[in-house]
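Open the model in your viewer and keep the sequence panel beside it. This tour tells you what to select at each stop and what you will find there.

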Amino acid sequence: MIAALRAADLGAKTVLVTRDGFGGMAANDGPVPVRTLAHAARLLRDARQLDRYGIAVGEPILDYTRLLARVREVVEDVRAHSTFRVQLDQLGVVVNEHCGIVRFTDRHTVEVGNGLRLNADRFIICTGGTSRKLSVPGAELTATHSDAWALTVVPPSMVVIGGGATGAQVASVFNAFGSRIQLFQAGPRILPAEDEEVSGTMADAFRESGIEVRENFGVIESFEKTPEGIRMRFSKDGEQQSTEASLAVIAIGWTANTAGLDLARAGIETDKRDFVRVDEFLRTSAQHVFAAGDVTGRMMLVPQAIQAGFVAATNALRGATMKELNAPAPIGSFTEPEYAQVGLTEARAQANGEIVVARVSFDSTTRTIIDGRTHGFCKLIVDSNNRQILGCHVVGERAVEITQVAAVCMAAHMRVDDLAQVPLSFPTYAGVLGRVAAQASRTLNLKLNWQAN
Ligand SMILES: Cc1cc2nc3c(=O)[nH]c(=O)nc-3n(C[C@H](O)[C@H](O)[C@H](O)COP(=O)(O)OP(=O)(O)OC[C@H]3O[C@@H](n4cnc5c(N)ncnc54)[C@H](O)[C@@H]3O)c2cc1C
């Protein structure tokens, strides 16, 4: 959408062709539907808290069919309010959606699933990604996160394979909906891209909430059908084991959506991980073809895909001049509890130089106590020499929003003692940043004129 908008804005006659509905993964299969389910999970949790605040209601009961209707309503509502479509129309972009797989027939021609052939000087590939598949016997019996969202009933039990962001989100949502969840992680910790303390705290919280978390579980050998669902056979250190559930969801990573594109016909190369290879200007090995978003295998998130679409289209039309910005990127997930990060983990920051680490627990901040959400912490990592914030890691309520504020401070190259003196509103979740910044400042012996939180 953004690549097409930018190309048209720069004066190119532009056609947008897409296999599925307008809006891509974010609108149809990723963040929007997932957040709606995560919101429902949170409402269930909040409803259970009402009694503590003197509000008497019965035990909440989930009507999954009605929840799915709400998910569809939200997806439609978001789509209807998207201004992108209007802007594309205003700029004269021809939008072809639901038109099947697009494939290159030569360097300057693509053929669309519905028979349409398009000839162009420049192309921008934004076909996104897809779940990585397992290649073991019976893998076809397993589901992906997309299948999980499309279920019509909540399965009594679920094995989730993969403890990264998607697996953790699936496990957390369906645990809240009443499924018995086993979360299998091949490596030593779930959420391996997070700070180690975040991974550990999340694993403990998941276990406390009833999720069976199994790190270093071994190697999957096969899946087979059972009367109640599916059996997974796996082995560890030569010992055969198995587990059963109603459904097995595979969330072992993401790969580029390039199947059927016939990239070789246009001279477009992929890298070792099968993502489209691009240079710093998002130009592929074919000089007239650019690529943006998940298909390039870079940071696979909506804001990054948006920026890359803009950069790719600019370079396609104006020549290779623009690079992506290297701004701090907050990342988080809406699990229970929430977690989020921006910048370096403690381990990476420590390897780079001298640092100070400050940590405030959520059982000591006013707003979390008011709301009865005292589980979690906020950790700030600061460069001892120049006082700049290198990273922020949060587990707990509003973690994602808190790290956004930290990201703004980092983008502005704010010093930790300056952050400590911003009068952040009281009592708020983001206010924890003032406290943790003050703690880091004291460790660094920095003089504060006053301290807000
Ligand atoms: C469960 C889940 C949760 C997520 N949560 C978040 C989140 O909270 N925040 C966040 O920032 N990101 C999140 N993401 C990631 C985010 O959805 C992606 O990074 C983003 O959508 C990538 O945008 P894109 O334009 O590169 O690709 P996509 O949005 O995937 O769009 C690709 C489009 O190309 C079409 N297409 C594919 N192949 C072809 C073909 N051969 N011919 C024609 N059309 C084709 C597809 O139909 C699709 O419309 C999540 C992803 C998942 C799976």
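Predicted model: local features only at pLDDT ≥ 70, side-chain atom pairs only at ≥ 80, totals over all residues.

Ser384 sits in the loop between β20 (377-383) and β21 (389-395). Is Ser384 buried or exposed? Its relative accessible area is 18%, so Ser384 counts as buried, the cut-off being under 20%.

Now show what surrounds Ser384. Leaving aside neighbours within four places in sequence, Ser384 is in contact with Glu354, Ile355, Val356 and Leu444. Zoom in on Ile355. Its backbone nitrogen lies 3.4 Å from a polar atom of the Ser384 side chain.

Next, go to helix α5, residues 83-90. Which residue caps its N-terminal end? Select Ser82: a side-chain oxygen of Ser82 lies 3.2 Å from the backbone nitrogen of Phe84. Then move past the helix to Gly92, which follows α5. The phi of Gly92 is positive, near 80 degrees.

Last stop: the second largest pocket. Its volume is about 640 Å³. To find the pocket, select Arg45, Ser209, Glu336, Pro337 and Arg373, the closest to its centre of the 28 residues that line it. Then colour α3 (31-49), α7 (165-176) and α8 (196-208), the elements that each give two or more residues to the lining of this pocket. Which of them gives the largest share of the lining? It is α3, with eight residues.

Finally, colour the lining of the second largest pocket by residue type. The residues divide into nine nonpolar, ten polar and nine charged.

Notes. Residues numbered from 1 in each chain as written. Heavy atoms only, no water. 1 Å grid on protein atoms, 1.4 Å probe; cavity = no way out; pocket = protein on both sides within 12 Å on 5 of 7 lines; lining within 4 Å. Points joined across faces, edges and corners; volume = space filled by probe spheres on them. Helix = DSSP H or I, 4+ residues; strand = E, 2+ residues; numbered from the N terminus. Nonpolar A, V, L, I, M, F, W, Y, C, P; charged D, E, K, R; others polar. Polar contact = N/O pair within 3.5 Å; in protein donor to acceptor, adjacent residues only side chain to side chain. Buried < 20%, exposed > 50% of the residue type's maximum accessible area, 1.4 Å probe, protein only. Contact = heavy atoms within 4.5 Å.
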